[in-house]
Amino acid sequence: MEDFETRCASLRTEIAAAEAQLTKLKRELYEAEGAASRAQSQKTASASANATTGPRTKSKWPLQGEEYRRYGRQMIVQQLGLQGQLKLRNAKILIVGAGGLGCPAALYLAGAGVGTIGLVDGDTVEASNLHRQVLHRSQNVGKLKVDSAIEYLRELNPHPTYIAHQAHLTPREAPDIFKDYDLILDCTDNPAARYLISDTAVLLGKPLVSASALRTEGQLMVLNNPPQPPGDKTGGPCYRCVFPKPPPADSVTSCADGGILGPVVGTMGVLQALEAIKVLTSAEERAEATPPSLLIFSAYSSPQFRTIKLRSRRPNCAVCSAEATVTLKSVRSGSMDYVFFCGTVDPADILSPEERISPSEYGNVDSAGGQRHVIDVREKVQFDICSLENSINIPMSTILASAYSAPTQDADEPKRLPSWLPPEVAHESNKPIYVVCRQGNDSQTVVRKLKELGLDLGGERPVVDIKGGFRSWQEQVDPDWPDY
């Protein structure tokens with residue numbers, strides 16, 4: 001048995017090493033292809049510029065013949081027209097995030113003929129991205145998202161200039177990147193990035209289109225429009241004006257944890273592109289007359305769209321008011337610590353090592369048999385995808401939403417237990433309790449709650465969580481476990 005386990009461990013190590021080597025080779029290949037593609041693009045752009053410089057000076061038409069054919073259907077729309085098309089061709093847009101929001105936004109902005117499109121992202125394409133991040137293809141899994149996206153965009157429209165910023169946005173680099181663009185699109189998925197993007201946009205006088213999406217709902221705002229200097233009350237509100245304080249770090253749910261429907265995030269990304277076109281082509285007086293608002297989209301509600309009017313700039317805003325304390329210097333220097341401001345989102349080990357068991361250790365317990373309770377605290381929709389045999393599903397949301405009383409100190413008074421706790425778990429005190437979740441975070445919280453209820457009988461009854469949850473279970477015990 002030990003030889004078999006040793007052999008399995010050795011094979012897993014070899015597979016991991018081979019996968020790491022393959023990833024490295026893919027990255028080198030992609031970088032080489034990207035360099036060749038960029039060189040070819042620069043060569044094509046240069047040739048195009050040389051070819052059009054002469055004829056354009058003699059032609060009475062401001063666009064090339066192919067551009068009239070390509071953009072004609074939108075140029076005959078009254079709100080755009082030829083002048084609007086020329087504004088789009090001269091515009092420079094920066095899209096921060098090449099994921100579920102950034103992909104459809106970039107797709108439609110490139111199709112509309114925006115002259116320069118920059119993309120900022122440091123992630124690589126994963127298979128789990130493909131159901132919603134529509135610029136990426138299966139063959140590009142492992143490739144940098146910005147390179148994958150630009151590859152597709154060039155096939156769609158070769159006219160714009162595409163600029164790849166192949167890294168995550170940082171406070172030190174954000175001002176230098178933003179300064180060359182006319183409009184910013186926030187297509188990120190975490191509060192720290194949202195505050196950084198908004199602050200930098202305000203301080204550099206750039207309007208901002210911000211959106212978010214989770215599960216079946218989305219939100220959209222056009223911020224700092226018009227982009228007046230800090231202290232000018234006629235300017236549009238910023239992200240801090242709408243959300244002066246970030247949400248508690250433990251309340252922030254990612255798409256990986258909460259899920260997302262592709263058309264939902266796609267809808268919000270397309271709306272970002274639409275708002276960007278409106279901002280770039282609108283007259284200044286029209287922008288000043290448009291009151292700021294928050295658009296809320298809910299796929300399963302009727303009506304699906306609602307609009308909430310936003311207040312103007314806050315008189316005490318830390319960025320856009322006359323009392324501003326955030327400056328470009330404080331952003332660049334790091335003294336404005338966005339991660340600290342928003343709180344860490346990295347899960348902490350809140351249990352002691354004695355209160356946790358690894359998946360492989362639990363696998364040995366499972367194979368040995370014996371009486372025990374396994375509580376799976378994922379939501380039912382996840383539990384229905386895959387679950388351990390004989391496990392009990394008690395969703396984390398049910399546990400958190402249910403008020404309960406701690407055990408009384410009076411021995412004569414019966415303990416009051418919450419309704420979500422099955423009687424067999426409460427009363428079969430000879431059986432240990434194992435708690436499992438998707439990634440090993442919620443399970444720790446539930447172990448603490450179960451102990452607060454006294455189910456560990458003062459330490460005599462084991463109540464532990466399976467460390468790392470089903471992510472680690474798939475790595476250590478069952479490679480065929482669904483990786484969703």
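The model discussed here is a predicted one. Burial of β2 covers both of its faces, with Thr116, Gly118 and Val120 on one side, and Ile117 and Leu119 on the other. Here "buried" stands for under 20% relative accessible area.

The neighbours of β2 come next. Strand β1 (residues 92–96) pairs with β2 in the parallel sense, over five bridges, and Val96 sits opposite Val120 of β2. Between these two strands comes helix α4 (residues 102–112), and β1, α4 and β2 together make a right-handed β-α-β unit. Strand β3 (residues 161–165) is also joined to β2 by five bridges, and these two strands run parallel. Within that pairing, Gly118 has Ile163 of β3 as its bridge partner. To get from β2 to β3 the chain passes through helix α5 (residues 145–156), and this β-α-β crossover is right-handed. Strands of a sheet pair through backbone hydrogen bonds, either parallel or antiparallel.

The antiparallel kind turns up around strand β6 (residues 217–223). Five of the seven residues of β6 are buried, so this strand too is described as largely enclosed by the rest of the structure. Strand β5 (residues 208–214) pairs with β6 in the antiparallel sense over seven bridges, and Leu214 has Glu217 of β6 as its bridge partner. Two residues lie between the strands in the hairpin of β5 and β6, where Arg215 takes a positive phi near 55 degrees. Strand β7 (residues 293–298) is joined to β6 by five bridges and runs antiparallel to it; Met221 stands opposite Leu294 of β7.

Inside the order, strand β10 (residues 373–376) and strand β12 (residues 433–436) run parallel and are joined by four bridges, with His373 paired to Ile433 of β12 as its bridge partner.

Helix packing can be looked at in the same way. Two packed helices are described by the angle between their axes and the distance between the axes. For helix α14 (residues 359–368) and helix α19 (residues 469–476), the axes come within 9 Å and cross at roughly 75 degrees. The two helices are therefore roughly perpendicular to each other, as angles of 65 to 115 degrees count as such. On the α14 side the contact involves Pro359, Ser360, Tyr362 and Gly363, which meet Gly469, Ser472, Trp473 and Gln476 of α19. Sorted by class, this contact has three nonpolar, five polar and no charged residues.

Stepping back to the whole chain, there are 19 helices and 13 strands. Buried residues make up 43% of the 484 residues. Among contacts with a separation of 6 or more, 66% are between residues 24 or more positions apart.

Notes:
Residues numbered from 1 in each chain as written. Predicted model: local features only at pLDDT ≥ 70, side-chain atom pairs only at ≥ 80, totals over all residues. Heavy atoms only, no water. Axes fitted to C-alpha atoms, helices over the stretch in contact; angles between N-to-C directions. Parallel < 35°, antiparallel > 145°, perpendicular 65-115°, else oblique. Contact = heavy atoms within 4.5 Å. Nonpolar A, V, L, I, M, F, W, Y, C, P; charged D, E, K, R; others polar. Buried < 20%, exposed > 50% of the residue type's maximum accessible area, 1.4 Å probe, protein only. Pairing = 2+ DSSP bridges. Right-handed = clockwise from strand over helix to strand, strands pointing away.
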